[in-house]
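Please look over the structure shown here before reading the points that follow. They are set out for someone who has not seen it before.

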Amino acid sequence: MLENLLLNHYEAAAVILSGIGLTNLLLQRNLIKKIIGLNIMDTAVYLFLAAKGYVAGRAAPILIEKAGGGWLTSSSIYVNPVPAGLVLTGIVVSVSVTAFSLALTLRLYEHYGTLNIDEALLKMTQEQEELEAKIEDAEEEVLA
Amino acid sequence: MIDNMVAFNIPFVSIFMLMIAAIITPLLPRKKRIPEKLSCLVIFIVAILSAYLLYALTSSGQDISFNFPMGHFPAPWGNELRAGPLEAVLSLVFCVAMLLSLTGNFSSTAEDIPASRRQIFSVLVNLLTASLLALTYTNDLFTAYVFIEINTIAACAIVAVKEGPATTRAALRYLIMSLVGSGLVMIAICLLYDLTGHLLMQNMHGAIQVLMITREYAMPLTVSLGLVTTGLAIKSALYPFAAWLPDAHGTSTNASSAILSGLVLKGHVFTIIKIFYRVFGLEVIHALRMDTVIFILGVAAMIMGSVHALKQNNIKRMIAWSSVAQIGYIFLGVGLNTVAGIAAACLHIIVHACVKPMLFTAAGGLSNAAGHKKELHALMGTFYVNRWAGMGLIAGACSMMGIPAFAGFASKLSLTLASFDNKFIVWALAALATSSVLNALYYVPAVIVILTHNKNNPPKPAPVTKLYKFSMFVFLMINFYLGLFCVPLLRLITRGVNVL
């Protein structure tokens, strides 16, 4: 068991990191910390993919020129390019999601002056109650 | 394979057209709501193309499906789209429901969203439709992940597009839960890629069959199945993960609520069905016990969604919680883990995709007649002001309760029939019966309220646009069609599932 962990230390690190990220995303009340958690989780997945895509002794999947002209085309020389492609796509996705969630967070902060999602809810219910009370007062005045 | 070159290109062209429309929409003039009309037009064209694809795939009497290679790399490496009768019928339904949700709420969108933002709204609608169709057609799991994320961003943005702190908060909550879900899906897809060495569904299926025979990597396989199911269940609002749904669907503008409830959830549910059926295969799902888990969660959702809906006073939140119960029906069908069960689940996807937008459009019309109040008691007597909306709510309610001749009856009947050769039949039937009664408990009072004359404070007559009447008419016709003539449709779906 422990041997496997040591052998796959990149993967073990990725699993631990993604656990940290997921816990942060779920349990932090501060929105910025939540978004940081999301990024840690995504990065852990990229580490996992990069570790899995790397084969010791093989070159990056860019054609190498032979000494006498022509190209080395044997597939046993290069690593599989797909995991790197997946990491790139994943980075693009995670950047756009982060940007979008930061924009929404900014809008919440502009309105409530807090980054805590629970406090925002509390303020929202208070505002609603005040509004309802105002409407009731106005109705009573009209009746009077 | 298919000889018809036009039909062969339709899956790609549909997605591509919607993406292009999303890109050029911000460049269009804002006058006369041209951007929104353009997105309606594009979705209409895609609906016609999907109908043609369906015709081309089924007219010969044989069950045809084909793979469309993207780019220049052949099968085990390249990216692929895949289309069969089931995909074609689902994309047709998604486009029609999307179009009707937009046209039915055309005037309420104008009230809720300022003119400067309506352009963004149509961009988001185009992106959402594109991602839904891509999720329906894709044959590659990583492409599915990318479009799940596009879907997430667009879905959260159409909640937040209506100005106000409540929608911002609902959108943030929705976004966080969605991100948890898509993070889990991504981890699971990476694990599966690692175990099988493939991303195309049929190649993964072959590798997983080998793994099951050799009993290698049994634990990672179970973990990745659990992760992908949990992730997609969060995104499709299966019961214990559904707490974000009522806020997001209840506070947004009517068109957004209709689209989110009717369509966005369905894209993720169909992805689960594809992963279960095409990637793992029904025997493997059964061997890993995931069918039982899904079945139990589906039953819990059917009951608890309705129990929560009973407590609501706001009509939109009530309909939103009812969606949770309806998603439970779909998962019940998936959990039966037979071809008949999955066909019934797909039929319920179609039924719910047509009925729920109708309910939200009707609720929007009624609350408009009540001076934009959404509390149930404020809606008293609104039927007599906006009869089309009233009829929509009544038909939708009958459908959700499963009254014969309405759409919901068809799918409930097929779910019941599908559960007969299952060992959990007693549980399935009990859950179906209880849930139907619970549905009646909250829909009937709503119908009674809108039909009661309000003598003290009668609602003021509000103009009802022709477009609203027309959309509601089409909604009602689809509802009756599904209720009365579901057998050919179910046969078509079963054929589609067989070649899935």
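Predicted model: local features only at pLDDT ≥ 70, side-chain atom pairs only at ≥ 80, totals over all residues.

**Notes on the model**

1. Axes here are lines fitted to C-alpha atoms, for helices over the stretch in contact, with angles running from 0 to 180 degrees between N-to-C directions. Helices are DSSP runs (H or I, at least four residues) numbered from the N terminus.

2. Residues are numbered from 1 along each chain as its sequence is written, and chains are lettered from A and ligands numbered from 1 in the order in which they are written.

3. The crossing of α4(A) past α7(B) is left-handed, that is, the near helix is turned anticlockwise from the far one by less than a right angle (right-handed if clockwise). Residues of α4(A) in this contact include Gly90(A), Val97(A), Leu104(A) and Tyr112(A), and those of α7(B) include Pro165(B), Leu172(B), Leu179(B) and Met186(B). Two residues are in contact if their C-beta atoms, placed from the backbone, lie within 7 Å. By class there are 10 nonpolar, five polar and two charged residues in the contact of α4(A) with α7(B). Ala, Val, Leu, Ile, Met, Phe, Trp, Tyr, Cys and Pro count as nonpolar, Asp, Glu, Lys and Arg as charged, and the others, Gly among them, as polar.

4. How many residues does each chain give to the contact? Chain A gives 31 residues and chain B gives 20 residues. On the chain A side, α2 (9–27), α3 (31–53), α4 and α5 (117–143) each supply at least two residues. The largest share of that side, 14 residues, comes from α4(A). The side of chain A that touches chain B has 20 nonpolar, seven polar and four charged residues.

5. Ile32(A) lies in helix α3 of chain A. Ile32(A) is partly exposed, with 13 other C-beta atoms within 10 Å; a residue is buried with 20 or more such atoms, exposed with 12 or fewer, and partly exposed in between. Leaving aside neighbours within four places in sequence, Ile32(A) is in contact with Thr105(A) and Leu115(A).

6. Within chain B, helix α16 (residues 387–401) packs against helix α19 (residues 466–484) at an angle of about 20°, their axes 10 Å apart. The two helices, α16(B) and α19(B), are therefore roughly parallel to each other. Eight nonpolar, three polar and one charged residues make up the contact of α16(B) with α19(B).

7. The largest nonpolar core has 214 residues, and Leu347(B) and Cys354(B) have the most contacts inside it. Such a core is a set of buried Ala, Val, Leu, Ile, Met, Phe, Trp, Tyr and Cys residues joined through C-beta atoms within 7 Å. Helix α15 of chain B (residues 339–369) gives the most to this core, with 20 residues. Beyond neighbours within four places in sequence, the contacts of Leu347(B) include Ala410(B), Ser414(B), Cys486(B) and Ile493(B).

Note on methods
Parallel < 35°, antiparallel > 145°, perpendicular 65-115°, else oblique.
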